[in-house]
Amino acid sequence: MAKRRFLPQYVTVFRDRHGKERFRFRRKGYTSRYFASALGTEEFRQEYRGFLDAPESSVAVAIERAAPGTIDDLVTRYLATPSRLGPTVATQAKVRAILCRFRESYGAKPVARIGFEHIDAIVAAKLPKVLVGKRMEGGVEAARKLRKELVRLFDFAVKLKMRSDNPVNQAERVKVARGERSKGFHTWTEVEIAQYRAHHPIGSKPRLAMELMLWTGQRRVDAIRMGRQHIRDGRVEFSQTKGGRELGIPVAPQLLEAIVAMPIADKGHLCFLVTEYGKPFSNPGFGNWFRDQCDEAGLPQCTAHGLRKAMMRRLAELHMGNQTLKSVSGHENDAEVATYTRAVDQRRMADHAIRQLASWEAQINDSANPGEISKL
């Protein structure tokens, strides 16, 4: 049975009448709930976050306690229906976190008295990156996401007749000079991929983790869920956590080699990648662990997400179209693909383009002038 000191706050463990280990969420004022997912998985973490942030039994109580007409009242009512936040549990958790932080800072403010100038100041305060604990918070993308969610929140306020207009629509959009735009996660280069492979040999978990993300081109939240049960007819068949798109990615020989080379002791799990305790990784836990593997290989600039971008870069450099790229990544539109292929090797593609063009022109000239082309 799981040791109690490793359990999250408000979670207890027991064995039911069938001898099965069960986990229960119990907190005063909240509905007692049972977890459907295994301890240590990303799904368990999302369930736990949902139990903490949006307990159904406490919604009415929370609304009663919030001062009517305040930001606290508005956010509480908005969060009461999780489907407003997004289509998946993961998206809902992210949006809930953004709005809860907003409520913590401005909960006592009257909704009716918030003007566009207040929204400008609130969003601008999110622009600087600051160190909070061990992680950086804020930045351009954080400010944009906050503004996006505030648009929806104040649209809801209009529906509730807390106010007649949406002040966010009148506020300034987040503008960044071209040279100051974030490039996002670093895209792995071929040199960096080779360096990582040289440090982490075939048969090691760090090597399998890298090959799995590189050759499937998926987000880490999906890569850590993959296992042998997902391989059918030479493909990894799975449903993406974000958006729920069903994909079937052929297993590349390089990935297959990394899977087969793993020790026998690591082949009995439902997930290819597990912790040292044999449990599935959580999404943040895997990110931290893989960060350490990159550091050990002398690649502090590299991350798990950068491998997804490397797959897209490789496909683009091989002159594959956007539809082909989307069939692998699961993206739904070309704008998203463009974001991931900005790190394409411009020189390599330009070399190929000029060679192709020069060859084409030579063929045209040879066809028009069978004799030797005069030298300029």
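Biologist: What sort of model is it, and how are residues numbered?

Modeller: It is a predicted model, in which local features need pLDDT of at least 70 and side-chain atom pairs count only at pLDDT 80 or more, while totals for chains, interfaces and linings use all residues. Residues are numbered from 1 along each chain as its sequence is written, and side-chain values use heavy atoms, with hydrogens and water left out.

Biologist: How many helices and strands does the protein chain have?

Modeller: The protein chain has 16 helices and 8 strands. Both are DSSP runs numbered from the N terminus: helices are H or I with at least four residues, strands are E with at least two.

Biologist: And how much of the chain is buried?

Modeller: Of the 376 residues in the protein chain, 39% are buried. Buried means under 20% relative accessible area, exposed means over 50%, and partly exposed lies in between, with a 1.4 Å probe and protein chains only.

Biologist: What share of the contacts joins residues at least 24 apart?

Modeller: The share is 56%, taken among contacts in the protein chain between residues at least 6 apart in sequence. A contact requires heavy atoms within 4.5 Å.

Biologist: On to packing. How do helix 3 and helix 6 cross?

Modeller: The axes of helix 3 (residues 71-79) and helix 6 (residues 140-159) come within 10 Å and cross at roughly 95 degrees. Axes are lines fitted to C-alpha atoms, for helices over the stretch in contact, and angles run from 0 to 180 degrees between N-to-C directions. Helix 3 and helix 6 are therefore roughly perpendicular to each other. Angles of 65 to 115 degrees count as roughly perpendicular, under 35 as roughly parallel, over 145 as roughly antiparallel and the rest as oblique.

Biologist: Which residues make that contact?

Modeller: Helix 3 contributes Ile71, Leu74, Val75, Arg77 and Tyr78, and helix 6 contributes Arg152, Leu153, Phe154, Phe156 and Ala157.

Biologist: What about helix 6?

Modeller: Glu141 and Arg144 form a salt bridge at 3.0 Å, N to O. They both lie in helix 6, 3 residues apart, about one turn of the helix. Glu141 is partly exposed at 42%, and Arg144 is partly exposed at 35%.

Biologist: How many salt bridges does the count come to?

Modeller: The count comes to 14 salt bridges. Among them is the pair Arg22 and Asp16, whose closest N and O atoms are 3.9 Å apart. Arg22 is partly exposed at 25%, while Asp16 counts as buried at 19%.

Biologist: A change of topic: where is Leu247, and is Leu247 buried or exposed?

Modeller: Leu247 is in strand 8 (residues 246-250) and counts as buried, at 6% relative accessibility. Leaving aside neighbours within four places in sequence, Leu247 contacts several residues, including Val236, Phe238, Ser327 and Val328. Leu247 and Ser327 are 80 residues apart in sequence and 7.8 Å apart in space, C-alpha to C-alpha.

Biologist: Now the backbone. What is the phi of Tyr10?

Modeller: Tyr10 has a positive phi of about 75 degrees although it is not a glycine. Most residues other than glycine have a negative phi. Tyr10 lies in the segment before strand 1 (11-15) and is partly exposed at 27%. His319 also has a positive phi, near 65 degrees, and is found in the loop between helix 13 (304-317) and helix 14 (322-329).

Note on methods
Salt bridge = Lys/Arg side-chain N within 4 Å of Asp/Glu carboxyl O.
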